[in-house]
Amino acid sequence: MADLAQGASAGVRPPILELDGIGVWLSGREILDDVKFGVGPGELVGLIGSNGAGKTTIFRVVLGLLAPSSGRVLIDGRPRPRRNRSVGYVPQKIALDPDMPLRSRDLVALGLDGHRLGVPLPSRRRRELVDEMLHAVDATRFADSRVGSLSGGEQQRVMIAHALVSRPELLLLDEPLANLDLRSEQEVVELLARIAKEKGLAVLISAHDLNPLLPVVDRVVYVAHGHVASGTTDEVVTTEVLTRLYGHHVDVIRLHGRILVVAGQGRGADPPLAQELGRLSNPLDDIMAV
Amino acid sequence: MGGFWSHVVEPGFFQSQTVQVALLVGGVVAAVSGVVGVLTVLRGQSFAGHALGDISATGGSGAFLLSINPLFGFLGMGLAAAGCMEAIGVRRVRGRDVATGIVLGAALGVAALFLYFDTTFHSTSGAAITVLFGSLFVVSTSTVPAIVACAAGAFAVVLLLYRPLLLSSIGEDVAAARGVPVRVIGALFILTMAITVALSAITIGAILSTALLIGPAATALRMTRRPVTAMVAAVAIGVAATWVGCLLAYDSFYWPPVQHGWPVSFCIVAVIFVSYLVVDSARWHRLRRANVPAGSQDPAAAAARPLHESSTHDAEVLGSPRTD
């Protein structure tokens with residue numbers, strides 16, 4: 001099950017991101033325990049778990065916003081420097097009102113040099129880079145629109161351009177599909193898969209539902225109660241592995257190319273609590289999988 | 001210069017030294033307020049800006065009590081309050097609002113006490129009016145260098161931190177992920193806001209200082225999609241409003257009811273407010289015109305609509321599926 005064999009699938013190149021036994025304690029509570037996984041170049045990895053499982057904490061550790069209590073984050077085989085700009089980050093939501101004067105191209109340009117001091121001088125090279133990146137995410141149409149007035153999917157694409165314009169090797173996306181309608185969801189997923197392959201980028205996407213990502217993910221990191229299991233979908237999303245991860249019985253059901261993860265009784269011991277859980281969470285998981 | 005102009009600009013306007021100081025101070029302060037104001041609105045800190053204005057009234061009234069220059073009272077209290085607000089609650093937006101509210105309440109209570117002492121012990125009944133509502137025509141010449149220096153300092157900080165400030169207005173995590181020291185930047189900005197508000201308090205009074213900080217900025221945001229253009233527009237609107245306000249106040253010596261002049265602060269704020277109404281209604285009309293073709297079946301007209309202001313985008317925000 002949970003192994004670090006992604007190096008094998010990516011040939012000889014070492015993983016771009018490697019988490020090595022990360023543990024996090026916050027105010028006396030253990031949030032993450034011995035988290036190990038890696039993301040190789042050109043690889044798209046789904047970080048899957050329910051709310052509160054520890055996905056965001058993993059992101060904060062990788063971004064350097066939170067120091068782990070134990071373990072190391074390696075980027076390109078080296079310990080993560082304190083100020084690292086080789087990681088692109090797309091948050092779940094951005095805080096901009098519709099009438100704020102910031103165009104898509106301004107936001108993308110901030111991805112290039114937003115950390116610098118002073119007011120930027122007009123530069124042809126800068127503009128070309130921004131235009132190129134807006135084109136790459138298919139956002140040229142609303143390049144001059146206010147970011148706040150765009151739809152969720154459009155904002156997501158502009159933020160992806162913002163994260164990519166500085167040419168990072170690693171891209172992190174925090175629940176990029178959470179607020180999207182079905183069609184935008186599909187568009188964003190396809191865009192990410194294309195960019196990962198074209199640019200040889202390591203992409204880590206967090207999501208509470210694996211199904212929209214199924215066609216494109218190379219591997220899955222499943223998070224529950226601060227523990228992770230990583231590997232290919234077939235290796236990880238199985239009744240045995242997830243039962244061990246969750247600490248109670250879950251059933252993995254494959255249905256028309258989708259995967260339902262359902263708490264409930266199986267072959268093993270089925271105490272009344274598990275039955276109760278199964279009864280309660282069945283409809284919920286069905287809805288989440290649609 | 002015919003008879004009409006001599007009525008608009010009453011004789012002696014430009015020769016009066018009081019007016020010269022007022023135009024200089026008002027112009028400088030309005031310019032820096034415009035630049036800082038746009039970033040304040042972008043960063044969603046309008047409430048903090050308003051609170052800093054009210055809080056600096058405590059410093060201004062204290063300065064009257066101690067017979068020192070009110071500018072230093074406004075400045076000292078504003079900076080201290082900004083430091084407190086930053087120290088109490090920076091982690092979350094909501095925490096910041098609560099922290100601001102607590103500091104604001106306490107400071108206004110002290111201001112009430114100081115103003116009471118001012119009027120009872122010093123018999124300076126004008127203190128309350130001057131601190132709270134200001135008067136550009138009583139700014140002393142000796143204060144001018146300090147005002148210009150403060151304004152230049154605030155201006156320099158904002159220009160230097162322009163990009164990191166914009167970036168962290170998108171989201172603090174985004175900025176931190178790009179290597180921006182978000183806390184330091186945020187603290188420097190709120191201190192800059194405190195300086196700007198103190199200058200504004202000298203110009204149009206502590207209570208009205210928000211009008212100069214937020215008013216021109218809010219008007220400018222309605223006019224443009226670019227942050228730099230918005231700043232330039234806010235500066236232009238602020239400076240123009242201040243100067244026109246001075247002119248109106250000067251002219252108002254010949255106005256009813258008492259032929260004693262209207263408060264200059266009122267005149268400035270009135271001009272700011274009217275310019276906001278004019279710009280906003282112009283935008284509203286433009287939007288309404290632009291949205292008419294949306295109902296028709298003419299795809300060329302629909303495509304010609306400016307995307308950033310089209311109603312389809314508003315609809316998408318509400319989650320309706322796209323049809324194009």
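Which residue in E4(A) is the bridge partner of A:Gly23? In E4(A), that partner is A:Ser70. The model is predicted, with local features needing pLDDT of at least 70 and side-chain atom pairs counting only at pLDDT 80 or more, while totals for chains, interfaces and linings use all residues. Residues are numbered from 1 along each chain as its sequence is written, and chains are lettered from A and ligands numbered from 1 in the order in which they are written.

Chain A holds 9 helices and 12 strands; helices (H or I, at least four residues) and strands (E, at least two) are DSSP runs, numbered from the N terminus. Strand E1 (residues 17-26) of chain A pairs with strand E4 (residues 70-75) of chain A in the antiparallel sense over 5 bridges, where pairing requires that DSSP finds at least two bridges between two strands. E4(A) is also joined by 2 bridges to strand E5 (residues 78-79) of chain A, again running antiparallel. Here A:Arg78 in E5(A) is the bridge partner of A:Ile75. The hairpin of E4(A) and E5(A) has 2 residues between the strands, and A:Asp76 takes a positive phi near 60°.

Turning to the meeting of the chains, the contact takes 37 residues from chain A and 32 residues from chain B; two residues are in contact if their C-beta atoms, placed from the backbone, lie within 7 Å. On the side of chain B that touches chain A, the largest share, 6 residues, comes from H8(B).
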